[in-house]
Structures are given as structure tokens and as C-alpha cells.
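Here is a friendly walk through one model, meant to be read with the structure open beside you. Keep the viewer handy and follow the residues as they come up.

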Amino acid sequence: MDAKDILGLPKNQLPIPQEKKSRPPKEPQRKPDGISREVYALTGGLAPLMPSVDVSQLKRRPPSDEKVTWQWLPFTNSARKDDLQLFHWVRVVNGVPPTGDYAFAKYNKAWTKEETDQLFDLCERFDLRFIVIADRFPSSRTVEELKDRYYSVSRALLSARAPPADITGHPLVKEPYNISQEVERKRALSMVLSQTKQQERKDTEVLAEAKRITESRMAAKGPEESELPAVANIGPDNSQRAITGDAVTPSTAMPSSAIAASSTLMADNASTLASLRMLRVYLRTYALDQMVQAASASAGLRTIKRVEQTLQELGVNLKPKVPTKAVCAEHLELRKEILTLLNLQKQLQYKEAEGTSFQDSPYSETPGTPKRAPRGDQDRPFMPDPLGFGGDRFGKRDQKRKAPGRTSEAAQSPSQSKRPRKMKASDI
Amino acid sequence: MSARKQGDGQPEDGGATAGKRLKIAKFSEDPEKKGLSRRLKDAEISLPIVYGTIAFYLGRKASESQSHKWTVYVRGATNEDLSAVIKRVVFQLHPSFNNPTRVMEAPPFELSECGWGEFEIAISLFFHPDVCDKQLDLYHHLKLYPEDESGPQSTKKPVVVESYDEIVFPDPSEAFYARVQNNPAVIVPRMPAGFNISAPAPENTSERERGDTKDHPLSQWFMNFSEADELLKLAAARQQPFMEMIYEN
């Protein structure tokens, strides 16, 4: 109807009044059969100007001269070795069940005696040149299938004819033909062959990257193992996850954390430098970028964002405006230091959350770190330590100047770290 | 045969100490080739450059398709002549330009054009054979319109966008080192005492003057890149009290 409006054609009623006199009054009310009313309405409430599908065809019933019933009948599968008989629904036309083998039997790649004989004949004629044999083979079989058949038959014959003890050294028995492995190997080879130059380059890049990561992991594992045995088993996990691209904080063991972190970073540096040297020419900004990435490899996205935030708050450009050798070195060191800082803070958080008493481990705290809370932290009124923790905590605080000032209950900010000293003086 | 002995006195003025410092990568009879194959291990030569664009609004003379006149260039960071290292620069412009691939075979490595659109210019640097056989690609976004959109554009004050960077050549060849050891545009490593390679004859000074950008017509617009500034900021950041915490273990 809309289309006709657009075209400016008169409505259906007018042009052929004689023939369709009885029809028009019925059209709007009568629901056309074949398709539902709503679907019909989609076309504008009328048949389309040029119907592409004959509406009456849409719900055509099968020719009614056939009598079709469905019966639950047994069947056998020629592909099976046993005589298993199963049942299934069968479409029976005029009382005649379908003939022929089970439909899916043809998908079983069975070797007939005839086929096998043909294979062996060709093998002899063509001197085991399987590519030629595959070409000449009457039914379509892949080279690997032919090989598999030949070798398995030969092996069967061999083991049947000779005593088992003698043949264990025979190559047919010792290294049997592994068809799936062969197919896979050839597929991989062809992929490598058909690689474009660009893919090749990408692959070498990825491999170099992976090598770099594993190298740094290995280097990191060395010093870590000497420090704390418990840390070592986190190492392989790390390398696994690093390769899959996940972010993992290096180790959660407190004492060796700082040392482990620095050795990991040094290893990263070394391998990055090595890969840069391969380039023969590069931009300093690119080099810095690579080093930064290598240093942040063990950090999650959120940690990296926090590092960048800290840099901004310190008034440092995320990418140096004047990237000289000295500036880049300083920038990198700064980033690493911030990263170490954040890691230590995180570990502190974890430990405190666990509620363990890691009081005497030499980890540090930061007062008024920008990202933690507004600088108003330092202005917060002094909050007395809950009595429940009094004795032990006080004692331990005596030892370290900058031991954490927080308790798991009070959740005080780290800015309190300087307070304990005062507390010690006044309370004791 | 004397050629077989290594480190036994070299055909050049090098002196025996040079043999200790240098690792001989390939052995060749040709002295020129020797210069190429001998490389300074664990050393790098770097070339500080500045590259970017300066764009002027044409004002009255502007047409719809040519509203700005701009120049893209690569210059030495201290405005020295780069041609001792860079042999050729290729600027790849937007395809809508005629012959979008512009090749500059001589310094100053720059190109001026008129247009109306901003786009990314690809700058490819090609070096002399004894420097590096691989090209280096830079990318720069041509900016025509100023950040501050208030008021009409000035024809006097151009839109300048420059980037500072340093081209690093790790393990440079001996020949390269010899050639540029006294070049003001290049940062060469300090070699141990006794290391001596004769520099080739100095170039024609008049030629060199043409290659540098010290008196370039646009030099008044060149940005100042102060390493000191940035170092200061970085040092200050690293000395923040809370940063010291990491070392208090």
C-alpha cells in the first residue's frame, strides 16, 4: 500500500473493478492462507507487486498420492565388524522400506582386500614411491592413508611370520608409521612454505619476544632460587603466564621480593639490549619504549596505569620530550623505582589483609603516596592503636623506624607510619 | 702469509691496541671492506635529530585547496649538517599530492608544499653504506590548524610541531667511526687512550655550510629542546621523600 502511495498509483480497488468486485471487500478482512497474517502485513497488507514466491507454494503439502508412514525398524551397519542390530525411525513409502546400506556406512574408510591387493601391486611396480602410487590408485586415498595401510599390513605380516623376539628391532615395529602425526607435520610444512615475507617477519619477532621473556625468566629464577626456595615454584608459573600474555605480580614472598624484582628487571634489560643491538639502527624513543615494556612485563595493566599516574603527578612526561641517552636512562630508572614501590605497597596490603604478623620483615611504607588518597592523609587526626594489639605491636615497632602503622582493624592510612614513634614515646 | 695473522699490526694507522678493542667480524683483504667489517663492540654512535613541520596560513592568498604553506624537515638537533650520516630522505605524502614520494638527496632535508589537509607524513631515512644498510622510518602528523581556535588564523605565526629523537647505531663500523669522529652533528663514544683512527680529509667548508640549518629561514621557529630541563625534573622526582623508601630495606 505504501509503495503504491509513493508511486502515486491508485489503490487496488479502482483499476480492475469488474473482475475483482467480489474480492476487494474481502481482501482486508480475509486472512490469506499459506503465510500468517502478520507476515502478510509486512508486505503492506497486499500481495507484493511482483511476488517472488508463490504464496500457495509456501505451505505445499507433499504429493498426496504417496502413502508415507514412519516405522521403528531394525538396521545393520556394514561398517561395523560385529553384527550389532539397532533400531531407528524409517520413512516408509507405500509400505516399502528404503533399501540400501546404512547411510553413514560410506564414511567408514575401510580397506577391502581388493584395495589392499591393488595397493601392494602398485607398491611393487613403483618401488614404494607413494606419490606415484597415490596418483595411480583407483579409489581416492591420500598418500598418508596408503602409507599407513602398507606399513600396518607389512608389520602385521612380519609379526605373524617371525617370532616376536626377533622383530622388536625392526624399524617397522620399533617406529611405526604414525598417520596423524604425518598429516600434521606435512600440514605445518606447507604452512611454513606458503608463509609470506611479512608473516615470516612477524614470526621471528614473536619468537624473539618469547625468547627474551624466557631468558629473563630463567635469569630471574637463578637468583630467586638462591634466596628462597618457595619462590622458585612461582617462577615456572610466571613464565607460563607471561608467555600467554597474562599479568602476574612476581612473587608474594616478602623478604626476597625486592631482590627478585631487581634481578628480573636486570635480566629483562639485558635481553632487550641484545635484541636492540640486532637492529643495526633504531630510535632512542623506540629503545626506551622496549625497555619500559620489558620492565613492566611482570606488571598488570592496572599497575602500569598507576605507574603512569604517579609519573604525571610528579610532573614527569610519560614520554620524554628530549630523549637523550641520559634522560632515557633516568626515566627508565624512575619508572622501575615506582614499579618497585607499588609492588611493595601491594604486598604490604596483602600481608596486612591476611592478618599475619610479618612484623619484622624489612618492608617499607610510604606516607602520603599521591595515588593512595588525597594529601589530607597527613592531616588526619591521630588515632590510637586498639588495645588488643598493644603489646606485641608496640614492641615490634620499637625495632623498625618505619614499620607499618596500620592494623587490620583500624585501616589507617600509611601516613601513620611516622606516628608510631610518637605513640611509643607518649604511651609507654 | 701476513694476511692470515690477526691483530698483528694493521694496514691502517690503528696501532696494536686497536686490535684488542675491536672484534673482527669478517676477514677481508680489501682495506675498505676491513673498515666495514670491523665494528666497535659495546659502543654506539648516535645522531640527535629533530623532525617536524611548520605550517603558515596563507591568509589573503589562500584558496580552498591551498590554504596553508607548510614545510616538513629533518634537521640536526643542534642544526648541524646531517649529510655525513644521512644519505637520502624520502618523504611520503598523501596520495592526493602529485608525485607523493619526494626524495631529497642533499641537505637540508626538507620539503615545502601547499595544501589544506592534515595527514601523516612518512619520513624514511637512508644512510650511507658504511653507516647502515637498513632504512629508518619516522612518522609525523602534519598539523595546520592551531590548538587555540579563537580568532582568525595568523599568517605571521606558524603552527610548529617538532619531535626530538636520537638515531642510535649500535656496534658501528670502524669506517663510520673514522669518518664522523669529529663531526659536530654526531655523538661518538669515548674510545680508550691509544685508539687512533685517522679521519678522512675534512669536507669542503662551503658545502658543509649549505647543509646545516643554523641560518635556515625558518630557524626562528625551531623549538628548543633542553636536556637539562628534563633531567632536572627526573632527578627531582627520583628524590621525592617517599621514593627513598624503596631503598630502606
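## A histidine in a helix of chain A

Let's begin with His331(A), which you will find in helix H17 (residues 325-354) of chain A. Bear in mind throughout that this is a predicted model. Is His331(A) buried or exposed? Its relative accessible area is 2%, and since buried means under 20%, His331(A) counts as buried.

Which residues does His331(A) contact, leaving aside neighbours within four places in sequence? From chain A there are Leu288(A), Val316(A), Asn317(A), Leu318(A) and Pro320(A), and from chain B there is Leu234(B).

## Chain B in outline

Chain B has 249 residues, and 43% of them are buried. Its secondary structure consists of five helices and 10 strands. If you take the contacts in chain B between residues at least 6 apart in sequence, 66% of them join residues at least 24 apart. The chain exposes about 14,000 Å², with carbon and sulfur atoms supplying 49% of that area.

Now look for an open sheet of five strands, in the order E3(A)-E10(B)-E3(B)-E4(B)-E7(B), paired antiparallel. Strand E3 (282-283) of chain A and E7 of chain B stand at the edges; each has a single partner strand, so one side of each lacks a neighbour in the sheet.

Strands of a sheet pair through backbone hydrogen bonds, in either a parallel or an antiparallel way. Here E3(B) and E10(B) run antiparallel and are joined by 12 bridges.

## The nonpolar cores

The largest nonpolar core contains 45 residues, and Leu125(B) and Phe127(B) have the most contacts inside it. Among the chain B elements that give two or more residues to this core are strand E3 (44-57), strand E8 (120-127), strand E10 (159-170) and helix H3 (174-180). E3(B) gives the most, with five residues.

What does Phe127(B) touch, not counting residues up to four places away in sequence? Its contacts include Val281(A) from the other chain, along with Val85(B), Ile86(B), Leu136(B), Ile167(B) and Phe169(B). Phe127(B) also touches Lys87(B), Cys132(B) and Lys134(B). A second, separate core has 14 residues, including Leu314(A), Ile338(A), Leu339(A) and Ala237(B).

## Aromatic pairs

Over all chains, the count of aromatic pairs comes to 16. One of them joins Phe130(A) and Tyr150(A) edge-to-face, with 5.7 Å centre to centre and 65° between the planes. These two lie 20 residues apart, Phe130(A) in helix H6 (residues 130-136) and Tyr150(A) in helix H7 (residues 143-161) of chain A. Both are buried. Phe130(A) and Tyr150(A) also belong to one aromatic cluster with Phe120(A), Tyr151(A) and Tyr177(A).

In chain B, Trp70(B) and Phe97(B) form another edge-to-face pair, 5.8 Å centre to centre with 85° between the planes. Trp70(B) is in strand E4, while Phe97(B) is 27 residues away in the loop between E5 and strand E6 (101-104). Trp70(B) and Phe97(B) are both buried.

## Charges over rings

Two arginines of chain B are worth a look here. The charged end of Arg75(B) sits over the ring of Phe222(B), at 4.0 Å from its centre. Arg88(B) lies over the face of Phe126(B), 4.4 Å from the ring centre.

Conventions: Residues are numbered from 1 along each chain as its sequence is written. Chains are lettered from A and ligands numbered from 1 in the order in which they are written. This is a predicted model: local features need pLDDT of at least 70, side-chain atom pairs count only at pLDDT 80 or more; totals for chains, interfaces and linings use all residues. Side-chain values use heavy atoms; hydrogens and water are left out. A nonpolar core is a set of buried Ala, Val, Leu, Ile, Met, Phe, Trp, Tyr and Cys residues joined through side-chain atoms within 4.5 Å. Buried means under 20% relative accessible area, exposed over 50%, partly exposed in between (1.4 Å probe, protein chains only). Helices (H or I, at least four residues) and strands (E, at least two) are DSSP runs, numbered from the N terminus. Contact means heavy atoms within 4.5 Å. Accessible areas come from the Shrake-Rupley method with a 1.4 Å probe; for residues, only the protein chains shown count as cover. Rings of Phe, Tyr and Trp (its six-membered ring) pair if their centres lie within 6.5 Å; planes under 30 degrees apart count as stacked, over 60 as edge-to-face and the rest as tilted. A charge sits over a ring if NZ of Lys or CZ of Arg is within 6 Å of the ring centre and within 35 degrees of the ring normal. Two strands pair if DSSP finds at least two bridges between them.
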